[in-house]
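Dear colleague,

I am passing on to you the structure below. My notes on it follow, beginning with a question to consider while viewing it.

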Amino acid sequence: MQTADAVVVGGGPAGSTCAWKLKDAGLDVLVLDRATFPRSKLCAGWVTPEALADLELEPGDYPLSFMTFDRLQVHWRMFTTRLRAPQHSIRRYEFDDFLLRRSAARVMQHNVRSITRENGDYIIDDEIRCKYLVGAGGTSCPVYRTLFRSQLPRDGALQIATYEQEFAYDWQDPACHLWFFDGGLPGYAWYVPKANGYINVGLGGMAVQLTQGERHLRDHWSLFVAKLKKLGLVSYSDYKPKGYSYYLRDRVDTVSEKNAFIVGDAVGLATRDMGEGIGPAVKSGLLAADAIVNDADYQLTGIEQFSGSALVTQRFRAPLRWLQRFRERRATTSSTLPASRSQ
Ligand SMILES: Cc1cc2nc3c(=O)[nH]c(=O)nc-3n(C[C@H](O)[C@H](O)[C@H](O)COP(=O)(O)OP(=O)(O)OC[C@H]3O[C@@H](n4cnc5c(N)ncnc54)[C@H](O)[C@@H]3O)c2cc1C
């Protein structure tokens, strides 16, 4: 039987971040993933500056496909607004592999099926034994299924369904576009250009509302690609979109039990407004690692439930900083004034 101090099931951003910090702290870490990396992951690949900072990555340090958008072009019906909130795009095929390699953890291709407990340890598929177990297997995470599902049932009302495709394309418009509620879609569609001649287009919406609505996701997709063509953004004839489903953030109480922890999409941490899951996956990976290393509580403190608040804060970051500096300067000036004048 193989052994490790900690086994991380799933090598996406949640798992690789957790593995990175555990390895850094000197634990023997084994990451199990059913896929061989680099692997495809359906995702628009929009990454926030905060997620990069949590990963301790400067944009210039990331050696693979990377783009920065100064503004997001947000469309709703006839209206378009340019939201000044710099964001980045990466290709998940490259990004996840880069993060997993950087973790320096041992990685093994293995589809986890069964998890049992023996003398305080976890036994995986009767082959691997560990003290700590981290479930980072995304929506279908076997650690979630085996140890957490009964205490943390998923709420169907928070499920989102998506359709997308990433392909080589000589795009001409370097902006990131988002279209909200087009054609009755209970969600939004995106156009995300990538460096080195790739593009990701897709759409997602609340699954329950989609089943109740007039249009299937496939119909929304047909309307969307027709629109991209009409707008002169993408004219492509070989679409083969794929679908995937995941869960938005619920009120979550239980994310650890004994020495088992769940992180990222296994919990369902994507933001309620935008379905942004990379940042929360990274943050939860850091928090779980910290709990293991320092024998501390694992709580989801500091993981934002909405992307909008961060975007707005970022939009107004410069004026807010200016205001804060202005206040600090005034406070310093008044504290150095004679008592009679500073009152
Ligand atoms: C179409 C789409 C677009 C999206 N766009 C964005 C975006 O632009 N920005 C953003 O922030 N978020 C986006 N998201 C959400 C984001 O992709 C996820 O929230 C994020 O990938 C979660 O990371 P994770 O590490 O928890 O899980 P994942 O990245 O899903 O990684 C889970 C890993 O576990 C492995 N695994 C699963 N089961 C097993 C098993 N039984 N045994 C071993 N390994 C297993 C899988 O192979 C996988 O590698 C999007 C999602 C979708 C579907």
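Which residues point one way from E2, and which the other way? Val29, Val31 and Asp33 point one way, Leu30 and Leu32 point the other way, and all are buried. A residue is called buried if 20 or more other C-beta atoms lie within 10 Å of its own, exposed if 12 or fewer do, and partly exposed in between, with C-beta atoms placed from the backbone. In a regular strand, side chains alternate between the two faces of the sheet. Because five of the five residues of E2 are buried, E2 is largely enclosed by the rest of the structure.

Please note that this is a predicted model, in which local features need pLDDT of at least 70 and side-chain atom pairs count only at pLDDT 80 or more, while totals for chains, interfaces and linings use all residues. Residues are numbered from 1 along each chain as its sequence is written.

The chain has ten helices and 16 strands; these are DSSP runs numbered from the N terminus, helices being H or I with at least four residues and strands E with at least two. Of the 343 residues in the chain, 41% are buried.

Surroundings of E2

Strand E1 (residues 2-9) and E2 run parallel and are joined by four bridges; two strands count as paired if DSSP finds at least two bridges between them. Within this pair, valine 9 stands opposite leucine 32 in E2. E2 also pairs in the parallel sense with strand E6 (residues 106-109), over four bridges, and there aspartate 33 stands opposite glutamine 109 in E6. E1, H1 and E2 make a right-handed β-α-β unit, where right-handed means that, with the strands pointing away from the viewer, the path from the first strand over the helix to the second runs clockwise.

Arginine 34 is placed in the loop between E2 and E3. Arginine 34 counts as partly exposed because it has 16 C-beta neighbours inside 10 Å. Leaving aside neighbours within four places in sequence, arginine 34 is in contact with His110 and Asn111, contact meaning that the C-beta atoms, placed from the backbone, lie within 7 Å. Arginine 34 and glycine 10 are 24 residues apart in sequence and 7.6 Å apart in space, C-alpha to C-alpha.

The ligand

The shell around the ligand divides into 19 nonpolar, 16 polar and six charged residues. Here Ala, Val, Leu, Ile, Met, Phe, Trp, Tyr, Cys and Pro count as nonpolar, Asp, Glu, Lys and Arg as charged, and the others, Gly among them, as polar. Elements that each supply at least two residues of this shell include helix H1 (13-24), strand E2 (29-33) and helix H7 (278-293).

The open sheet

An open sheet of eight strands has mixed pairing and the order E3-E5-E4-E11-E12-E13-E10-E14. Its edge strands, E3 (46-47) and E14 (242-247), each pair on one side only. Strands E12 (residues 187-194) and E13 (residues 198-206) pair in the antiparallel sense over eight bridges, and tyrosine 198 in E13 is the bridge partner of lysine 194.

Arginine 82 lies in strand E5 (residues 79-90). Arginine 82 is exposed, with 11 other C-beta atoms within 10 Å. Leaving aside neighbours within four places in sequence, arginine 82 is in contact with Arg71 and Gln73.

With kind regards

How values were computed:
Two residues are in contact if their C-beta atoms, placed from the backbone, lie within 7 Å.
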